[in-house]
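Work through the exercises below with the sequence and the model open. Each task is followed by a solution in steps.

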Amino acid sequence: MAAEPVDPVESSTPGTVRPGGRTARVRAAVLRAAEDALVEHGFGGLDLGDIAQRAEVGRTTVYRRWGSTTALVADLLADMAEQSLPRTRSGTLTEDLRANARLVQRTLADHRQGALFRAVIVAANGDPGTAEALQLFYRRRVEEWAPCVTEAVERGELPPDTDPLEVIRAVSAPLYYRMLTTAEPLDEPAADRAAAAAEAAARAGAYRREGD
């Protein structure tokens, strides 16, 4: 029986990242393997040993660095947040919200990414650690795009007490709902409608902060 491959590990803390070199390559390979396993089998089918084999790295490396499938999924979501495209700056609320909606739409409509998100969302319903990681991922993405709403308020396009986070959440919510509950195509017109609806509601004061 062949000996198990051995990889240097720079951090024994699950999900901790030190960029560059062998460690970065190992992390990239393991996260890619985790994506493949999630798409193929869902969260319930994740196994660290299988992922190590897929990534062609040592089991010891995977177990020492991540320790559990929950920690691995958390690191995967952190990596996805890091790799996500930054928000656009068009100078108008309409174009900014449309760009956000189309980015979400392209991600969810992608065969691989859509399946990955569905698997993680299902897992989050029954696993607190995965739920926490998913919440952190979305908080990062919403906070990335929230300044476009703040800037619209400063330009006088929206009421001064508009909650930027709520507006950005309102853009993507219909797209996730469509992905999870219907067989209808998740296309650009659907994204544009979601953006337009969120903008209209924001202009009407639907997302004003309570008490302001």
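The exercises that follow concern a predicted model.

**Exercise 1. Overall make-up**

Task: State which secondary structure elements the protein has, and describe its burial, surface and contacts.

Solution: 
- Step 1. The protein has nine helices and zero strands. Read from the N terminus, the order of elements is α-α-α-α-α-α-α-α-α.
- Step 2. Of the 212 residues, 45% are buried.

**Exercise 2. Aromatic pairs around Phe 117**

Task: Find how many aromatic pairs the whole structure holds, then classify the pairs that Phe 117 forms with Phe 137 and with Tyr 176.

Solution: 
- Step 1. A search of the whole structure gives five aromatic pairs.
- Step 2. The rings of Phe 117 and Phe 137 are 5.6 Å apart, centre to centre, with 50 degrees between the planes. Planes under 30 degrees apart would count as stacked and over 60 as edge-to-face, so this pair is tilted.
- Step 3. Phe 117 belongs to helix H6 (residues 111–124) and Phe 137 to helix H7 (residues 128–154), so the pair ties together parts 20 residues apart in sequence.
- Step 4. Both partners are buried by the cut-off of under 20% relative accessible area: Phe 117 has 4% and Phe 137 has 5%.
- Step 5. Phe 117 also pairs with Tyr 176, at 6.5 Å centre to centre and 80 degrees between the planes, which is edge-to-face. This pair links distant parts of the chain, since Tyr 176 is in helix H8 (residues 164–181), 59 residues from Phe 117 in H6.
- Step 6. Tyr 176 counts as buried as well, at 15% relative accessibility.
- Step 7. Ring pairs join Phe 117, Phe 137, Tyr 138 and Tyr 176 into a cluster.

**Exercise 3. Packing of H1 and H2**

Task: Describe how helix H1 (residues 21–41) and helix H2 (residues 48–55) are placed relative to each other.

Solution: 
- Step 1. Two packed helices are described by the angle between their axes and the distance between the axes.
- Step 2. The axes of H1 and H2 come within 8 Å and cross at roughly 120 degrees.
- Step 3. An angle of 65 to 115 degrees would be roughly perpendicular and one over 145 roughly antiparallel; H1 and H2 are therefore oblique to each other.
- Step 4. The crossing of the two helices is right-handed.
- Step 5. On the H1 side, the residues that meet H2 include Ala 29, Ala 33, Ala 37 and His 41. Their counterparts in H2 are Asp 50, Ile 51, Arg 54 and Ala 55.

**Exercise 4. Two residues and their contacts**

Task: Locate Gln 105 and Arg 112, and list what each touches beyond four places in sequence.

Solution: 
- Step 1. Gln 105 sits in helix H5 (residues 93–109). Is Gln 105 buried or exposed? Its relative accessible area is 8%, so Gln 105 is buried.
- Step 2. Gln 105 is in contact with Leu 175, Leu 186, Asp 187, Glu 188 and Ala 191.
- Step 3. Arg 112 lies in helix H6 and touches Arg 32, Glu 35, Asp 36 and Val 39.
- Step 4. Arg 112 and Glu 35 are 77 residues apart along the chain, and their C-alpha atoms are separated by 8.6 Å.

Definitions and conventions
Residues are numbered from 1 along each chain as its sequence is written. This is a predicted model: local features need pLDDT of at least 70, side-chain atom pairs count only at pLDDT 80 or more; totals for chains, interfaces and linings use all residues. Side-chain values use heavy atoms; hydrogens and water are left out. Rings of Phe, Tyr and Trp (its six-membered ring) pair if their centres lie within 6.5 Å; planes under 30 degrees apart count as stacked, over 60 as edge-to-face and the rest as tilted. Helices (H or I, at least four residues) and strands (E, at least two) are DSSP runs, numbered from the N terminus. Buried means under 20% relative accessible area, exposed over 50%, partly exposed in between (1.4 Å probe, protein chains only). Contact means heavy atoms within 4.5 Å. Accessible areas come from the Shrake-Rupley method with a 1.4 Å probe; for residues, only the protein chains shown count as cover. Axes are lines fitted to C-alpha atoms, for helices over the stretch in contact, and angles run from 0 to 180 degrees between N-to-C directions. Angles under 35 degrees count as roughly parallel, over 145 as roughly antiparallel, 65 to 115 as roughly perpendicular and the rest as oblique. A crossing is left-handed if the near helix is turned anticlockwise from the far one by less than a right angle, and right-handed if clockwise.
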